[in-house]
Amino acid sequence: MGKFIVKKTNTGIKFDLKAGNGEVIATSEVYESKAACLNGIESVKKNSQTADVEDQTKEGYETKKNPKFQVYVDKAGEYRFRLTASNGQTIATGEGYKALAGCMNGIESVKKNAPDAPVEEVE
């Protein structure tokens, strides 16, 4: 089972969603407060369940409504995803994947792990 890890950074507080094997599958922006970070986690839990996938790597892709997972290719040529909430804000991003299939597996892992994932705080 996955879990959300909340940790302080030099500039605020952020979370990582880890899969059952301990791999980070999504990470957040840096929030100013713990309350805002926890709200971000709740947003990922909720929005990941109803989000469509918008594959921006395909020419002429169909624009989906928020919430959605946006799949794109980064400057290094790797596939990435970001989860946007219903208000259009990015609430979580995935790591870079060499193949599109790996990126899609990352999205499926977020959908599977996020809803029931407990929240742990680390120093």
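The model is a predicted one, in which local features need pLDDT of at least 70 and side-chain atom pairs count only at pLDDT 80 or more, while totals for chains, interfaces and linings use all residues. Residues are numbered from 1 along each chain as its sequence is written, and side-chain values use heavy atoms, with hydrogens and water left out.

**Helix α2**

Select residues 100-113, which form helix α2; helices (H or I, at least four residues) and strands (E, at least two) are DSSP runs, numbered from the N terminus. The end C-alpha atoms of α2 are 20 Å apart, which agrees with the 20 Å that its 14 residues should span at 1.5 Å a residue, the expected span being 1.5 Å times one less than the number of residues.

Within α2, now colour Cys-103, Gly-106, Ile-107, Ser-109, Val-110 and Asn-113, which are buried (buried means under 20% relative accessible area, exposed over 50%, and partly exposed in between, with a 1.4 Å probe and protein chains only). They cover an arc of only 160° around the axis, which puts them on the same side of α2; the arc is that of the directions from the helix axis to the C-beta atoms. On the other side of the helix, Ala-101, Asn-105 and Lys-112 are exposed.

Show next what the buried residues of α2 pack against, namely β2 (13-18), β3 (24-27), α1 (34-50), β4 (52-55), β5 (68-73) and β6 (79-84), where contact means heavy atoms within 4.5 Å.

**Cysteines**

Select Cys-37, which is buried at a relative accessible area of 0%, and then Cys-103, which is also buried, with a value of 0%. A search of the whole structure finds zero disulfides, a disulfide being a pair of cysteine sulfur atoms within 2.5 Å.

**Salt bridges**

The whole structure holds nine salt bridges, each defined as a side-chain nitrogen of Lys or Arg within 4 Å of a carboxyl oxygen of Asp or Glu. Select Lys-34 and Glu-121, whose side chains meet in one of these at 2.7 Å, N to O. Because Lys-34 lies in helix α1 and Glu-121 in strand β8 (residues 119-122), the pair ties together parts that are 87 residues apart in sequence.

Move on to Lys-68 and Glu-54, which form a salt bridge at 2.8 Å, N to O. Lys-68 belongs to strand β5 and Glu-54 to strand β4, so this pair joins parts 14 residues apart in sequence; both residues are buried.

Finish with Lys-7, Lys-14 and Asp-16, which are linked in a network of salt bridges. Between Lys-7 and Asp-16 the closest N and O atoms are 3.1 Å apart; Lys-7 is partly exposed at 29% relative accessible area, whereas Asp-16, at 5%, counts as buried.
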